[in-house]
Amino acid sequence: MARRAPLIRLSRDEQQRLLKTANAHSTPQAQAFRCRIILRCGRTDRPTNWRVARELGCDPGTVGKWRQRFAAHRFEGLADLPRSGAPRTFSPGRPA
């Protein structure tokens, strides 16, 4: 039995904040992409991770990760977690 992705319901304020962040020129691209994922997940047609991934050109696991983090921590869950080493580079495409 497949697990169901958490339902994302966005308040008007959350939707506005996500839109503003996704469209701001100063927003890092990884953060903007996460906002676009959540905005799509929050639409009323309740898309699956596979559908969102196909529409945005990324891996379904990526959609699932950010959907879960947003469901648990809302906007703050979309921030990068601290990590050691060199910063990762961003690429929304599928791995080779």
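Author: Happy to! One place to start is a salt bridge between R17 and E76, whose closest N and O atoms are 3.7 Å apart. A salt bridge here is a side-chain nitrogen of Lys or Arg within 4 Å of a carboxyl oxygen of Asp or Glu. This is a predicted model, where local features need pLDDT of at least 70 and side-chain atom pairs count only at pLDDT 80 or more, while totals for chains, interfaces and linings use all residues. Residues are numbered from 1 along each chain as its sequence is written, and side-chain values use heavy atoms, with hydrogens and water left out.

Reader: Where do R17 and E76 lie?

Author: R17 is in helix α1 and E76 is in the segment after α4, so their pairing ties together parts that are 59 residues apart in sequence. Helices are DSSP runs (H or I, at least four residues), numbered from the N terminus.

Reader: Is E76 buried or exposed?

Author: E76 is exposed, at a relative accessible area of 54%, and R17 is partly exposed at 40%. Buried means under 20% relative accessible area, exposed means over 50%, and partly exposed is in between (1.4 Å probe, protein chains only).

Reader: How many salt bridges does the count come to?

Author: The count comes to 7 salt bridges. Among them is the one between the side chains of R74 and E14, at 2.8 Å from N to O. R74 is in the segment after α4 (60-73) and E14 is in helix α1, so this pair ties together parts that are 60 residues apart in sequence.

Reader: What else can you tell me about R74?

Author: R74 has a positive phi of about 55 degrees, although it is not a glycine. Most residues other than glycine have a negative phi. R74 is also partly exposed, with 26% relative accessibility.

Reader: Nice. Now the helices: how do α1 and α2 pack?

Author: Helix α1 (residues 12-23) and helix α2 (residues 29-41) pack at an angle of about 145 degrees, and their axes are 8 Å apart. The axes are lines fitted to C-alpha atoms over the stretch in contact, and angles run from 0 to 180 degrees between N-to-C directions. The crossing is left-handed, which means that the near helix is turned anticlockwise from the far one by less than a right angle.

Reader: Which residues meet there?

Author: From α1 there are Q15, L18, L19, T21 and A22, and they meet Q31, A32, C35, R36, I38 and L39 of α2. Contact means heavy atoms within 4.5 Å. The residues of this contact divide into 7 nonpolar, 3 polar and 1 charged. In that scheme Ala, Val, Leu, Ile, Met, Phe, Trp, Tyr, Cys and Pro count as nonpolar, Asp, Glu, Lys and Arg as charged, and the others, Gly among them, as polar.

Reader: Is R34 buried or exposed?

Author: R34, in helix α2, is buried, with a relative accessible area of 9%. A polar atom of the R34 side chain lies 2.8 Å from the backbone oxygen of L78. Leaving aside neighbours within four places in sequence, R34 is in contact with W66, L78, A79 and D80.

Reader: And what does N49 touch?

Author: N49 touches A5, P60, V63, G64 and R67, not counting residues up to four places away in sequence. N49 lies in helix α3 and counts as buried at 18% relative accessibility.

Reader: Last one: is A53 buried or exposed?

Author: A53 counts as buried, at 0% relative accessibility, and lies in helix α3.

Note on methods: Helix = DSSP H or I, 4+ residues; strand = E, 2+ residues; numbered from the N terminus. Polar contact = N/O pair within 3.5 Å; in protein donor to acceptor, adjacent residues only side chain to side chain.
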